[in-house]
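Open your viewer and get ready to select a few residues by number.

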Amino acid sequence: MEEFTSFLPLAVGVVSQEGVVVDTNEAFTQFTGYENSEAVGNPLSYFFVETDTLDNILTSLNESPGTERQAKLTLKTGSGSEKTVRVTIGIRHDIDGKMSGYFIGISNVFESNPPPAPKPIDKTLDEISEEQPEEAEPSEDNVEDAAESVIDQQDKNRAIIDGVRDGILVIDNEGVFDLINQRATEMLSLERDELSGKPLETLSDREELAPLVTQINSEDDETTKMELGEDTFEVSVHSATVDDSVYRIVTLHDISRDQFIEDMKLTFVSVAAHQIRTPLSSIRWSLEILANQLEDEEQKEVARRGYRSTQNILEIVNGLLNLDRLQSGEDQYEFEPVDVIEVIEGYVDEVRDHNKILEQPEIIFETPMDPLPKVRADRDKLRIVFRNLIDNALKYTDSDGSVTIETSVHVTDDYGNDIVEVSVADTGIGIPAEAQEKIFSKFYRADNATSMETDGSGIGLYITKQIVDEHDGTIWFESAEGEGTTFFVRLPMSQTQD
Ligand code: ADP
């Protein structure tokens, strides 16, 4: 015990079950003025003026020993003076867990005084830094200084957090706002008082903030975009555990400027693509006429090459326009019962026209004898899906290869509804194993594709997948490098067939 308590800065006494002091530590002697030998053997009432209060504390501890009790008492010090102190008394147990007496801790009473006015500084910074700090005497003033320094530290932390350019909100495990920095109040157009100590749901009073509450309440740590008036924020929420309590920490990052630049870029791409498409179409048309009319085989080949390049650029431009429309969200889907065969045939006819000029792989599509059930689709978007798949199959297959399109019907969904499947198979370069995972990502092109065909944007399949997803369909492929590729698309049939 002696070993344990001697290094404690707090004055501690060990008290028997009868209320008699049986041991004290070094700090006890310094604090009270009683040597260990003077203190031991005296009842607690010997040291304090308010003996009734002491008795009450011991009685209440015996009745409900759960937590320690604290009281402000007057200490009769060893030097004969009196001093107001804070006394903490708790139950002591023996190794079997049975009550064996009490511990008493004695400390200075700390009154929360207003901080002193700052002293005028009449020294230079160098003079201040040369001054040696004075040796601190353990006194009541020092305790107050320590408390002030804690308050100073809190003010400093608050100033730092308020200086952060991102908004920060901290919600405790009771769902109550624990901390809100200045920037967060500006971003949410709220006063700190409106949130401090209030439940998170207070935010839901403003309809536009309800999604933020949902995000904070969700178990997941996630990042989303939130629009508030003219501003766009990136909202990140994550959990942090402090002293067994889980806090939700919310960061609001202003991305209004990034969003503005992104919108400008999209607008520029869209305007440029629109402007380029019309003259390109007329160049392609001129080259087509030229290729058909020229007699000389060499000259004919030059015109063909020009035609092919123009066709490739047109595909890229169309891809950019589709991407722009999809991303801007302007392009609404209009679903109706659509005959897949009609859509595919329409494009296959166009390709066969091109094939009269270009040397392209043979395209095989045999219309099935029985009509297919109509699928629930947006006709124009579905055309983009099959155009992209067929164009890719043609582009990544040598001209002596072939592209085969087949359709079939499956009864696979849980309600027994038909699903229409279309496959586009080629005998081309295939998709390397290491590229297969990334093939539907925006702007991704496999190495074997870029070396075979330099023109390409890597957005065709990304758009295709987005459209198939919007149709509640599925898309996948089977491929081996050098052996060809087959893409499969499945689309649910329409509930109405007319
Ligand atoms: P692009 O064809 O403009 O490069 P896509 O998004 O249409 O862009 O296709 C992405 C990539 O997928 C292609 O660059 C190519 O690597 C691969 N790919 C798509 N279809 C095929 C195919 N039929 N055969 C081989 N590779 C293909």
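**Stop 1: the cavities**

A search of the whole structure finds 3 cavities of 30 Å³ or more. Here a cavity is a set of points, on a 1 Å grid over the protein atoms alone, where a 1.4 Å probe fits but cannot get out. Rolling a probe the size of a water molecule over the atoms shows where empty space is left. Grid points are joined across faces, edges and corners, and a volume is the space filled by probe spheres set on the points.

Before you select anything, note that this is a predicted model, in which local features need pLDDT of at least 70, side-chain atom pairs count only at pLDDT 80 or more, and totals for chains, interfaces and linings use all residues. Residues are numbered from 1 along each chain as its sequence is written, and side-chain values use heavy atoms, with hydrogens and water left out.

Now select Asn392, Lys395, Tyr396, Gly460 and Leu461: of the 36 residues lining the largest cavity, these lie nearest its centre. Lining residues have an atom within 4 Å of a point. The space inside the largest cavity is about 600 Å³.

Which elements give two or more residues to this lining? They are α11 (297-328), α13 (379-395), α14 (447-452), α15 (460-470) and β17 (484-492). Helices (H or I, at least four residues) and strands (E, at least two) are DSSP runs, numbered from the N terminus. The largest share, 7 residues, comes from α13.

Ala, Val, Leu, Ile, Met, Phe, Trp, Tyr, Cys and Pro count as nonpolar, Asp, Glu, Lys and Arg as charged, and the others, Gly among them, as polar.

**Stop 2: the second largest cavity**

Next, select Arg308, Gln311, Asn312, Glu315, Tyr347, Val351, His354, Leu358, Gln360, Asp391, Leu394 and Lys395, which line the second largest cavity. About 140 Å³ of space lies in it. At least two lining residues come from each of α11, α12 and α13, and α11 gives the most, with 4 residues. By class, this lining has 4 nonpolar, 4 polar and 4 charged residues.

**Stop 3: the largest pocket**

A pocket is an open set of points with protein on both sides within 12 Å along at least five of seven lines. The largest pocket has a volume of about 400 Å³. To find its centre, select Arg277, Asn318, Asn322, Ile384 and Arg387, which lie nearest to it among the 20 lining residues. Helices α10 (256-293), α11, α12 and α13 each supply at least two residues of this lining, and α11 gives the most, with 7. The lining of the largest pocket divides into 4 nonpolar, 5 polar and 11 charged residues.

**Stop 4: helix α12**

Select residues 340-355, which make up helix α12. Its 16 residues reach 23 Å from first C-alpha to last, close to the 22 Å expected at 1.5 Å a residue. The expected span is 1.5 Å times one less than the number of residues.

Which residues of α12 are buried? Val340, Ile341, Val343, Ile344, Tyr347, Val348, Val351 and His354 are. Buried means under 20% relative accessible area, exposed over 50%, and partly exposed in between (1.4 Å probe, protein chains only). Look down the axis of α12: the buried residues fall within an arc of 155°, so they line one face of the helix. That arc is the one made by the directions from the helix axis to the C-beta atoms.

At the start of α12, find Asp339: one of its side-chain oxygens reaches to within 3.1 Å of the backbone nitrogen of Ile341.

**Stop 5: helix α13**

Move on to α13, where 13 of the 17 residues are buried. At its start, a side-chain oxygen of Asp378 comes to within 3.1 Å of the backbone nitrogen of Asp380.

**Stop 6: two single residues**

Select Val468 in helix α15. Is Val468 buried or exposed? With a relative accessible area of 1%, Val468 is buried. Its C-alpha atom is 7.7 Å from that of Val489, 21 residues apart along the chain.

Finish at Phe335, in the loop between α11 and β11 (336-338). At 29% relative accessibility, Phe335 counts as partly exposed.

Notes. Polar contact = N/O pair within 3.5 Å; in protein donor to acceptor, adjacent residues only side chain to side chain.
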